[in-house]
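The sequence and structure come next.

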Amino acid sequence: MLASIVGGSVFILTESTRYLKLCKVKVTEGIITSTSILINGEAVLHAVDLVHEYRIPTGLHLNLSEGLPLTEATSLLGEDGCLLGKLGIREQNKLRNIDFKQVDEEMQAQIDKFELLMGVKPFHVDGHQHVHLLPGISKVFSEVLARNGIYVTRLPIEDISETDLPNKDFLQTVINDSHSARQVFNRFGIKYAERFFGLDSYETSVDSIIEKLADMLNGGNHGDTFCEFMVHPGYRTEQEGGCGCGPDDFSRSHYRENELNLLCDIKLKKFIEKSKFKLVSYESLFLTEAFSIRK
């Protein structure tokens, strides 16, 4: 069996009737099996209501780079008082200007707020803009997760050598950071998908997704294999939404709608139904005997 989880990151940034439809589509028409929530998002309470209503398996989308933090976290802030952004935090981390104690405090605050709103700690935690993979931060991330009894995350290692993406250089740094972070995660017993794809999901095609899945099926796998497909479905925003400092460029682009259409494409659904893939959530997979978290 090839177990596949389709993870929808950054669930709901804007409170809108459009998202009521999106939420229903993701669960009843699409192939989403899990999502993660931006706990400092402006519409987080609306998002919590929706995941409870539709019973969507939901984790925490840890955010150290966009909007406003829950703690003071002064070393993570720019001159405008907002978090540094995906490039800014990487630059400051290289310069060793990030206070890891503040990173620990902000991570814990987001986990605590998730537990307050959802009633339980998150089963899985991934990182907004993949900041959880950065050198030094990945160790703090692992320590905080282990302290809270959380042992599942995302590790985006993917071959993008044949792609022609406008942000390919940035994505390659994410992959490089993933290789380094994997050693840290392994040391702390943090689990992740054995296989991953989706770094290019914002402008890929249904045929390309099917081709990648078919390659896995034809790769001579024996036994159980876990693959994560990362997506960011949604509708483009205007000026509303975000995490306290307005929506970012990606939220205002057409890419989210492209991913939404892909996930609801009948061709992709039929391929998965006829293949050896089984759609699962993080919880249903990692709580099974084959992938159990042993502590």
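In this predicted model, the buried residues of helix α7 are Val 206, Ile 209, Ile 210, Leu 213 and Met 216. Viewed down the axis of α7, these buried residues fall within an arc of 115°, so they line one face of the helix. Helix α7 covers residues 206–217, twelve in number; at 1.5 Å a residue they should span 16 Å, and the end C-alpha atoms are 17 Å apart, which agrees.

**Nonpolar cores**

The largest nonpolar core has 46 residues. Those that touch the most other members are Leu 64, Leu 76, Ile 89, Val 103, Met 107, Ile 137 and Phe 185. At least two residues of this core come from each of α2 (44–54), β3 (58–62), α4 (100–118), α5 and α6. Helix α6 gives the most, with six residues.

Leaving aside residues up to four places away in sequence, Leu 76 touches Leu 64, Cys 82, Leu 83, Leu 84, Ile 89, Ile 98, Gln 102 and Val 103. Another core lies apart from the largest one and has 16 residues, among them Met 216, Leu 262, Ile 272 and Phe 277. Met 216 is also one of the buried residues of α7.

**Aromatic rings**

The model has two aromatic pairs. Their geometry is as follows.

| Pair | Distance between centres | Angle between planes | Kind |
|---|---|---|---|
| Phe 141 and Phe 185 | 5.9 Å | 50° | tilted |
| Phe 197 and Phe 229 | 4.6 Å | 15° | stacked |

Phe 197 has a relative accessible area of 3% and is buried. Phe 229, at 5% relative accessibility, counts as buried.

A further ring faces a charge. The charged end of Lys 86 sits over the ring of Phe 170, at 4.5 Å from the ring centre.

Note on methods: Residues are numbered from 1 along each chain as its sequence is written. This is a predicted model: local features need pLDDT of at least 70, side-chain atom pairs count only at pLDDT 80 or more; totals for chains, interfaces and linings use all residues. Side-chain values use heavy atoms; hydrogens and water are left out. Rings of Phe, Tyr and Trp (its six-membered ring) pair if their centres lie within 6.5 Å; planes under 30 degrees apart count as stacked, over 60 as edge-to-face and the rest as tilted. Buried means under 20% relative accessible area, exposed over 50%, partly exposed in between (1.4 Å probe, protein chains only). A charge sits over a ring if NZ of Lys or CZ of Arg is within 6 Å of the ring centre and within 35 degrees of the ring normal. A nonpolar core is a set of buried Ala, Val, Leu, Ile, Met, Phe, Trp, Tyr and Cys residues joined through side-chain atoms within 4.5 Å. Helices (H or I, at least four residues) and strands (E, at least two) are DSSP runs, numbered from the N terminus. Contact means heavy atoms within 4.5 Å. The expected span of a helix is 1.5 Å times one less than its number of residues. The arc is that of the directions from the helix axis to the C-beta atoms.
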